[in-house]
4 protein chains.
Amino acid sequence: MHQCAGGGHGQQALSRGGSSMNETIGFIGLGNMGQPMVRNLLKAGFAVKVYNRTPNKAKDAVAAGAQQVNRPSDAATAGGIVITMVANDQALEDVVYGVDGFGEKLGPGGIHLSMSTIAPETSRKLAAYHQQQGCQYIASPVFGRPEAAAAQKLFVLSSGPKEAKERVRPLQEALGQRVFDIGEEPGNANVIKLGGNFMIMAAMEAMAESFNLAEKNGVDRKLAAEIYASTLFNCTIYQGYGQMIAKKIFEPAGFQLALGLKDCNLVLEEANATKTPMPLASLLHDRLLSSVAKGRENQDWSALTRIAAEDAGLE
Amino acid sequence: MHQCAGGGHGQQALSRGGSSMNETIGFIGLGNMGQPMVRNLLKAGFAVKVYNRTPNKAKDAVAAGAQQVNRPSDAATAGGIVITMVANDQALEDVVYGVDGFGEKLGPGGIHLSMSTIAPETSRKLAAYHQQQGCQYIASPVFGRPEAAAAQKLFVLSSGPKEAKERVRPLQEALGQRVFDIGEEPGNANVIKLGGNFMIMAAMEAMAESFNLAEKNGVDRKLAAEIYASTLFNCTIYQGYGQMIAKKIFEPAGFQLALGLKDCNLVLEEANATKTPMPLASLLHDRLLSSVAKGRENQDWSALTRIAAEDAGLE
Amino acid sequence: MHQCAGGGHGQQALSRGGSSMNETIGFIGLGNMGQPMVRNLLKAGFAVKVYNRTPNKAKDAVAAGAQQVNRPSDAATAGGIVITMVANDQALEDVVYGVDGFGEKLGPGGIHLSMSTIAPETSRKLAAYHQQQGCQYIASPVFGRPEAAAAQKLFVLSSGPKEAKERVRPLQEALGQRVFDIGEEPGNANVIKLGGNFMIMAAMEAMAESFNLAEKNGVDRKLAAEIYASTLFNCTIYQGYGQMIAKKIFEPAGFQLALGLKDCNLVLEEANATKTPMPLASLLHDRLLSSVAKGRENQDWSALTRIAAEDAGLE
Amino acid sequence: MHQCAGGGHGQQALSRGGSSMNETIGFIGLGNMGQPMVRNLLKAGFAVKVYNRTPNKAKDAVAAGAQQVNRPSDAATAGGIVITMVANDQALEDVVYGVDGFGEKLGPGGIHLSMSTIAPETSRKLAAYHQQQGCQYIASPVFGRPEAAAAQKLFVLSSGPKEAKERVRPLQEALGQRVFDIGEEPGNANVIKLGGNFMIMAAMEAMAESFNLAEKNGVDRKLAAEIYASTLFNCTIYQGYGQMIAKKIFEPAGFQLALGLKDCNLVLEEANATKTPMPLASLLHDRLLSSVAKGRENQDWSALTRIAAEDAGLE
């Protein structure tokens with residue numbers, strides 16, 4: 001699907017009305033995810049203007065061909081596309097309608113392609129705001145860690161107005177291995193993203209309890225992890241996190257526990273808003289909250305499993 | 001690994017001291033799992049004597065070459081191997097030391113290869129019993145449903161005395177795609193098996209809560225299931241059960257909910273015995289118990305997810 | 001303690017620097033609680049100006065001697081005292097600094113005696129706001145239902161600046177049977193109030209599960225309720241709610257389930273903010289949320305116990 | 001109710017067909033509860049033969065007028081009454097039909113008044129056994145700790161055949177302040193007893209979570225405990241345990257945590273048998289199990305609240 005490098009990819013996109021290399025893309029947020037994403041956009045032939053709150057994080061992107069700007073608003077071109085990949089809901093709202101936000105600049109015909117993990121509610125709010133300005137908003141969070149972003153292996157979720165989704169499709173394809181259309185409702189891609197993160201944490205807790213039971217019976221945790229990950233659960237989540245949980249090694253953090261708690265809170269807020277009891281999410285929330293109370297917010301989110309181990313007298 | 005058909009397989013086994021085609025294997029329990037397993041043993045060249053409480057279930061096995069016997073004890077040969085694959089702990093104890101049980105008949109040098117899903121404690125008890133008779137006991141539960149058994153794709157767990165494990169290895173290889181050695185402690189293969197069933201049920205509950213959240217937001221449950229099963233969780237458990245849970249179709253039962261509750265109770269008993277708190281297992285237990293209180297014991301165990309749907313007002 | 005009627009009470013208060021009958025008290029919020037509270041203030045000799053969003057609810061208060069005003073700000077006297085007893089945090093913020101709010105009018109030396117059940121965080125915010133205006137804020141939620149309010153039997157919690165607490169003490173004593181000082185930190189009386197409501201709901205769930213177990217064994221639920229309430233738990237909460245839960249009669253609502261969910265959410269928000277895992281509160285939250293999903297928001301909050309009954313197949 | 005000392009009481013009982021002072025009562029089990037109970041029986045004028053596994057615990061009872069015997073069977077008189085107050089189900093079964101058990105000796109017309117906290121299932125089993133011998137079985141557990149036993153303030157539960165219950169009534173009245181009739185089904189008094197212990201533990205967990213929230217907000221735990229115990233929850237359980245939980249003092253144990261776990265397991269077994277999901281009991285179970293995993297089995301059962309404190313980073 002992605003056999004065509006650089007220009008070829010852009011042309012293909014152009015032919016079906018998608019965004020083309022001729023237009024300059026704004027990209028806001030150069031964290032662990034944003035940086036490799038910008039590189040892939042550049043590799044695909046797009047011109048990219050980048051903004052990051054801490055300017056010196058833009059060095060690599062500039063070296064790879066991006067143009068650095070100093071204000072969020074400068075990343076936007078009237079009627080163009082701005083991609084955002086920032087830390088949380090507040091940071092996102094700030095770059096849209098805070099000081100020097102790009103929201104007004106984007107103007108009629110513009111598209112905000114919002115790829116951060118945020119609340120569905122924030123997407124709904126932003127969609128309404130952009131609509132007032134004549135722009136369109138697409139929620140487009142991704143599954144995958146920085147390595148996947150670098151390898152153009154992200155899974156990209158996408159919800160928003162049909163035509164706008166078509167226009168940004170070439171960008172999404174330049175960033176990931178597959179794009180999933182979740183309909184027109186702006187918050188829905190965020191719902192799927194949050195649901196996925198919830199399911200990852202649920203798998204972690206399940207592994208932890210199961211490995212603890214094995215350990216208490218004298219079975220090696222790493223053997224247990226290996227068996228499950230090569231039989232019933234031979235997929236990345238169980239393979240990767242299984243080994244971390246079996247070995248009880250939670251540093252350095254691939255994804256910080258504090259962010260896991262943030263996401264779990266977003267899940268529970270959405271559950272509350274839609275009257276969807278989620279007792280397993282409640283359990284995970286209490287694990288995460290306890291972890292933060294014990295000062296583990298900077299460990300990997302799989303460290304939530306330490307509570308189960310402590311409860312069993314295993315730490 | 002299983003390239004060699006029939007005799008070849010047996011000879012390979014023989015060369016390293018394993019069981020050979022020359023000896024007759026006893027097989028007790030011709031349910032949905034036992035029947036295809038017997039066929040694979042016959043296909044691999046083993047002579048098999050079969051016993052089943054309801055005799056007419058032996059028809060197919062006999063047609064395929066097995067010899068039917070009328071009492072558990074008749075399935076055993078002094079110093080030979082008896083495989084058991086029965087419904088639960090009680091049924092297993094019955095065929096071992098109940099009326100006409102094979103326990104005494106098996107005698108010195110014999111091996112009981114116990115493949116049912118039972119409590120680790122039952123394995124420990126049986127191991128001690130057989131040892132008194134001069135026999136050996138191997139716990140060897142499997143991962144896989146009847147289709148996997150038919151396709152010789154089971155994953156076979158194995159714990160017990162080293163030499164005995166070596167002798168039964170050719171039988172285990174004739175039944176599955178891979179054998180995992182879980183050490184010498186008799187109950188440990190059961191611990192791993194129960195832990196796996198627990199993790200499956202945990203995945204079901206996680207999917208249910210996540211799909212409910214999606215549905216409440218207007219996202220199609222089947223789309224949600226498909227996305228998760230082709231991205232983060234691209235493994236059989238999520239793919240198969242995901243569709244059932246998304247579609248809310250729980251009949252006919254592949255594995256009855258009543259058996260899921262039995263297994264969950266075994267998990268919690270072992271957790272209790274080893275002082276391993278498992279709050280997620282407690283949650284699943286309460287889901288299963290409620291399901292039985294509502295008369296769903298004969299539905300598929302994935303029907304445990306109906307409670308979450310009802311709690312959300314979705315049924 | 002409350003032996004002195006009317007004027008006597010006021011004089012006693014006056015002598016230790018408390019509020020006196022000479023000053024007019026503003027009272028905002030004439031719901032089921034506010035109405036009997038105003039009557040008690042009048043009975044104790046205070047002059048009261050009342051405001052309610054729905055004006056015709058002021059009828060009884062006016063008949064009893066109160067003066068009705070048309071805007072929140074008209075309830076305040078510069079440097080005086082305003083009592084608020086409204087439905088929720090938003091309603092409270094509205095009457096303080098919404099249109100015609102009394103916040104600016106209250107002015108230097110004024111006191112806002114805030115008796116609604118609200119978030120500790122809202123109290124902290126309001127305390128800071130009033131301080132900027134030169135006023136003081138006292139959080140003073142109460143334990144007790146409308147009948148207790150009418151009988152001057154409320155338990156009054158009180159947190160805020162020391163001097164201000166002394167000044168409002170005569171008012172609090174005119175409203176209840178005992179006042180508890182919870183220190184100076186504005187949100188702390190709210191923390192204690194929320195903790196109490198949480199404990200009530202926990203007792204409800206405990207009774208429900210216990211009564212269900214009794215019923216399933218053929219023991220009359222009402223007998224079970226009576227035994228517990230006259231032995232281990234001979235206190236109002238178990239006596240009153242015990243009978244409701246035993247009889248499964250949840251209408252008419254003394255306190256609506258929707259308000260119970262609101263309070264439970266406030267508990268969990270505070271738990272989140274202070275990193276205090278509360279798994280029992282999480283369980284109650286999921287019960288309440290499910291109840292609302294099933295359309296029971298207008299039943300009594302003890303109807304949260306219906307979920308446990310349904311889970312047991314008892315409804 | 002108990003104004004009549006000794007003989008008067010016995011005569012009153014006699015007149016309505018109850019047990020009289022003329023008959024000798026067997027009493028098995030001289031632990032913290034049994035000892036004061038025997039003293040009260042003697043005080044009421046009954047002749048008592050006592051048995052205890054550790055004989056020297058009988059000293060005080062003998063000094064007070066009891067006759068010590070050396071075997072359980074010697075405590076029984078044909079057609080008489082034997083009271084049992086032992087540690088657990090196993091100990092009870094041992095004294096009934098173990099070596100030197102009193103079961104056969106009791107004979108036609110005899111009554112076993114079983115006051116230990118045991119499983120309903122054990123009561124059912126014992127009732128059936130005694131019936132075969134021509135005797136009757138009454139389950140009669142009590143609410144109250146050793147101090148209450150000493151002060152004749154126990155609450156006595158009673159289930160079993162009507163006539164037998166009438167005959168033992170004077171004994172029950174000599175031991176407690178009130179007797180509750182729970183019907184004819186032998187296990188039902190045990191169900192009520194277990195339900196009560198469950199509710200106590202639920203109240204402990206609720207207090208713990210609430211006090212933790214208070215502490216995290218800077219409110220003194222002891223103040224919080226005092227407020228709740230003198231307002232909403234002014235009953236013994238909250239008053240007594242509230243102070244222990246507030247002060248985090250769990251030694252010496254009034255009732256050992258290991259016994260709390262035993263009772264919680266009995267609750268969950270009965271819940272399982274009757275298909276009654278009890279998620280709050282599941283939560284408590286996991287708290288208790290974790291406590292034992294951490295080596296706290298000999299602390300007071302209110303130490304189960306330490307897990308919540310640890311989860312909040314408060315220990």
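Q: How is chain A of this predicted model divided into domains?
A: Chain A falls into domain 1, covering 6–186, and domain 2, covering 191–311. The C-alpha centres of these two domains of chain A are 30 Å apart. In their contact, domain 1 of chain A takes part with 15 residues and domain 2 of chain A with 15 residues.

Q: What makes the pair A:Arg124 and A:Glu270 a salt bridge?
A: The side chains of A:Arg124 and A:Glu270 meet with a distance of 2.9 Å from N to O. The rule asks for a side-chain nitrogen of Lys or Arg within 4 Å of a carboxyl oxygen of Asp or Glu, and therefore the pair qualifies. Between domain 1 and domain 2 of chain A the count is 2 salt bridges.

Q: Which elements of chain A give two or more residues to the side of domain 1 that touches domain 2?
A: They are helix H7 (120–132) and strand E7 (142–143) of chain A. H7(A) provides the largest share of that side, 3 residues. By class, this side of domain 1 of chain A has 9 nonpolar, 2 polar and 4 charged residues.

Q: How large is the area that domain 1 and domain 2 of chain A bury between them?
A: The two domains of chain A bury about 1,100 Å², with 62% of it on carbon and sulfur atoms.

Q: How do you know that chain C and chain D meet through the same surface?
A: Of the interface residues of chain D, 100% are also interface residues in chain C, so the copies meet through the same surface.

Q: What joins chain B and chain D across their interface, by the rules for salt bridges and polar contacts?
A: The rule finds 0 salt bridges between chain B and chain D, but 6 residue pairs in polar contact, both residues being at pLDDT 80 or more. On the side of chain B that touches chain D, the largest share, 8 residues, comes from H14(B). That side of chain B holds 8 nonpolar, 6 polar and 2 charged residues.

Notes: Residues are numbered from 1 along each chain as its sequence is written. Chains are lettered from A and ligands numbered from 1 in the order in which they are written. This is a predicted model: local features need pLDDT of at least 70, side-chain atom pairs count only at pLDDT 80 or more; totals for chains, interfaces and linings use all residues. Side-chain values use heavy atoms; hydrogens and water are left out. Domain bounds come from an automatic or database domain assignment. Contact means heavy atoms within 4.5 Å. Buried area is the accessible area (1.4 Å probe) that two parts lose on being put together, summed over both. Helices (H or I, at least four residues) and strands (E, at least two) are DSSP runs, numbered from the N terminus. Ala, Val, Leu, Ile, Met, Phe, Trp, Tyr, Cys and Pro count as nonpolar, Asp, Glu, Lys and Arg as charged, and the others, Gly among them, as polar. A polar contact is a pair of N or O atoms within 3.5 Å; within protein, one must be able to donate a hydrogen and the other to accept it, and residues adjacent in sequence count only if both atoms are side-chain atoms.
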